[in-house]
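Take a moment to look over the chain before reading on. The paragraphs below walk through its fold.

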Amino acid sequence: MYTIRKQFKFELAHQLDEAYSKCCKNTIHGHSYICEVFFSAEKLDDTGMVIDFGKIKNVIGSYMDSWDHALVIPDTMRGYYLESLRENNENLKIVPYNPTAENMAEDIYKSIKAMNLPVSKVRLHETTTGWAEYTEKKITKIDVRQWQKPKRTRGLSFFKRKLQQQKNLQTNDTSVIVRAAGSMACTAIDNNEDEMDIYDD
Ligand SMILES: [Zn+2]
């Protein structure tokens, strides 16, 4: 597995709906964010890269810039307050979540993924000492009984081939572990481990 990392920086103001610390709740305040975006691939492309750094900047540069000097407010704030902010801010993002570093990391991850880049993790530093991270653990459960014919024993290569035909398993850039219980039930777990195994429970 190969992983590369591209770092972005932005100054951003937000207001939290709920927060333990009073300095973060009930007031608009800002942070100097550092956003680390990780991209992974099991195999390199013809040029020996996971993805060209230049392409990353090309595809997501303007999106990442859109966070710079933005004001991020949760949509749970009162209507008149949101309206007032809307009228007086050019870069206002009203988001359907409490804009914590965790939620923003997830938002950024999903937005980059929607641009068809092989993003594997987003780490968002809100302060010099605190960051939040979002990544996906892809778990796909597949009942292999649909492929099992009576009195027929199926081997590893058969299940591997069948699983690779599943559109929801991205076997091109991730490896798959197959766990089969008596070849009757099967769980494919994409956790970036470089092995494939079938065993009986
Ligand atoms: Zn804050």
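This is a predicted model: local features need pLDDT of at least 70, side-chain atom pairs count only at pLDDT 80 or more; totals for chains, interfaces and linings use all residues.

Residues are numbered from 1 along each chain as its sequence is written.

Start with the overall plan. The chain has 4 helices and 9 strands. Both are DSSP runs, numbered from the N terminus: helices are H or I with at least four residues, strands are E with at least two. From the N terminus on, the order is β-β-α-β-α-β-α-β-β-β-α-β-β. Contacts join residues whose C-beta atoms, placed from the backbone, lie within 7 Å. Among contacts in the chain with a separation of 6 or more, 54% link residues 24 or more positions apart.

Confidence comes next. The predictor's confidence in each residue, pLDDT, runs from 0 to 100. Its average over the chain is 80, and 70% of the residues score at least 70. Over residues 170-177 the pLDDT stays under 50, and the model has 24 contacts beyond four places in sequence for them. Residues 179-201 also have a pLDDT below 50; this stretch has 57 contacts in the model beyond near neighbours in sequence.

Now find the sheet. It is open, with 6 strands in the order E4-E3-E1-E2-E5-E6 and mixed pairing. Two strands count as paired if DSSP finds at least two bridges between them. At the edges sit E4 (92-95) and E6 (131-134), each pairing on one side only. The twist averages 30° from one strand to the next. Strands of a sheet pair through backbone hydrogen bonds, either parallel or antiparallel. E1 (residues 2-14) and E2 (residues 29-41) run antiparallel, joined by 13 bridges. His-14 stands opposite His-29 in E2.

A helix lies across this sheet. H3 (residues 101-114) lies across E2, E4, E5 (119-125) and E6, and runs at about 145° to E5. Such angles run from 0 to 180 degrees between N-to-C directions, with axes fitted to C-alpha atoms, for helices over the stretch in contact.

Val-37 touches Arg-5, Lys-6, Phe-8, Ile-112, Val-119 and Val-122, not counting residues up to four places away in sequence.

A residue is buried if 20 or more other C-beta atoms, placed from the backbone, lie within 10 Å of its own, exposed if 12 or fewer, and partly exposed in between. Buried residues make up 19% of the 201 residues in the chain. Glu-106 lies in H3. It counts as partly exposed because it has 19 C-beta neighbours inside 10 Å.

His-69 is in the loop between H1 (53-65) and E3 (70-74). Its phi is positive, about 55°, although it is not a glycine. Asn-116 lies in the loop between H3 and E5. Its phi is also positive, about 65°, and it is not a glycine either. With 8 other C-beta atoms within 10 Å, Asn-116 is exposed.

Conventions: Two residues are in contact if their C-beta atoms, placed from the backbone, lie within 7 Å.
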